[in-house]
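User: I would like to learn how to read a structure feature by feature. Can we work through one together?

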Amino acid sequence: QVQLVESGGGLVQAGGSLRLSCTASGNIFSINVMGWYRQAPGKQRELVAVQSSGGRANYADSAKGRFTISRDNAKNTVYLQMNSLKPEDTAVYFCNAERVVIGRDIFLSSWGQGTQVTVSS
């Protein structure tokens with residue numbers, strides 16, 4: 001079983017910054033991809049940024065130039081530094097981990113419970 005615990009959400013004014021963290025717990029051998037998705041009210045969940053264990057990162061167009069994803073593989077933790085936040089960034093942000101290896105088991109996709117980010121104008 002993989003548990004992902006997010007932290008760092010909150011309320012911030014437009015132009016401000018937040019840093020999200022997500023740690024995967026369990027007797028984890030490796031995690032292929034970790035990343036962040038978000039879901040605004042009435043909208044589908046969408047990719048924000050993901051990063052492979054080797055460091056390759058992909059960003060949504062809306063995140064490029066403002067958000068930075070990073071990982072600490074030794075701690076099974078992924079971070080999302082969000083700068084120049086806009087009201088349209090308001091959403092619940094979910095952490096995701098793909099292909100988590102624990103012993104002989106591979107968990108294809110695991111999700112955190114989500115953390116609320118609210119950007120006021």
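Analyst: Aspartate 89 forms a salt bridge with arginine 38, and their closest N and O atoms are 2.9 Å apart. This pair links distant parts of the chain, 51 residues apart. Aspartate 89 sits in the loop between strand 8 (77–82) and strand 9 (91–102). Arginine 38 lies in strand 4 (residues 30–39). Keep in mind that this is a predicted model.

User: What is the general idea behind such a pair?

Analyst: Side chains of opposite charge can pair when their charged atoms come close. The cut-off here is a side-chain nitrogen of Lys or Arg within 4 Å of a carboxyl oxygen of Asp or Glu. By that rule the count comes to four salt bridges.

User: Is aspartate 89 buried or exposed?

Analyst: Take the relative accessibility and compare it with the cut-off: under 20% is buried. Aspartate 89 has 0%, so it counts as buried. Arginine 38 has 7%, so it is buried as well.

User: Which other residue forms a salt bridge with aspartate 89?

Analyst: Arginine 66 does, with the closest N and O atoms 2.7 Å apart. This pair also links distant parts of the chain, 23 residues apart. Arginine 66 is in the loop between strand 6 (57–59) and strand 7 (67–72). Arginine 66 is buried, like aspartate 89.

User: Which glutamate forms a salt bridge with arginine 38?

Analyst: Glutamate 46, with the closest N and O atoms 2.8 Å apart. Glutamate 46 has 37% relative accessibility, so it counts as partly exposed. Now put the pieces together. Arg38, Glu46, Arg66 and Asp89 are linked in a network of salt bridges.

User: Next, covalent links. How many disulfides does a search of the whole structure find?

Analyst: One. The test is a pair of cysteine sulfur atoms within 2.5 Å. Cysteine 22 is joined to cysteine 95, S to S 2.0 Å.

User: Now the nonpolar core. Which residues touch the most other members of the largest one?

Analyst: That core has 29 residues, and Met34, Trp36, Val48, Phe67, Leu80, Met82 and Tyr93 touch the most other members. Next, ask which elements supply it. Those giving two or more residues include strand 5 (46–52) and strand 11 (115–120). Strand 9 gives the most, with six residues.

User: What does methionine 34 touch?

Analyst: Leave out residues up to four places away in sequence. Among its contacts are Cys22, Val50, Ile69, Val78 and Cys95. Both cysteines of the disulfide are in that list.

User: Zoom out. How many helices and strands does the protein have?

Analyst: Zero helices and 11 strands. The radius of gyration is 14 Å, close to the 14 Å that the globule rule gives for 121 residues, so the protein is as compact as a globular protein of that length. Along its principal axes the C-alpha trace spans about 50 × 25 × 20 Å.

User: And what share of the residues counts as buried?

Analyst: Of the 121 residues, 43%. Residues 24 or more positions apart account for 55% of the contacts with a separation of 6 or more.

Methods: Residues are numbered from 1 along each chain as its sequence is written. This is a predicted model: local features need pLDDT of at least 70, side-chain atom pairs count only at pLDDT 80 or more; totals for chains, interfaces and linings use all residues. Side-chain values use heavy atoms; hydrogens and water are left out. Buried means under 20% relative accessible area, exposed over 50%, partly exposed in between (1.4 Å probe, protein chains only). Helices (H or I, at least four residues) and strands (E, at least two) are DSSP runs, numbered from the N terminus. A nonpolar core is a set of buried Ala, Val, Leu, Ile, Met, Phe, Trp, Tyr and Cys residues joined through side-chain atoms within 4.5 Å. Contact means heavy atoms within 4.5 Å. The radius of gyration is taken over C-alpha atoms; the globule rule is 2.2 Å times the number of residues to the power 0.38.
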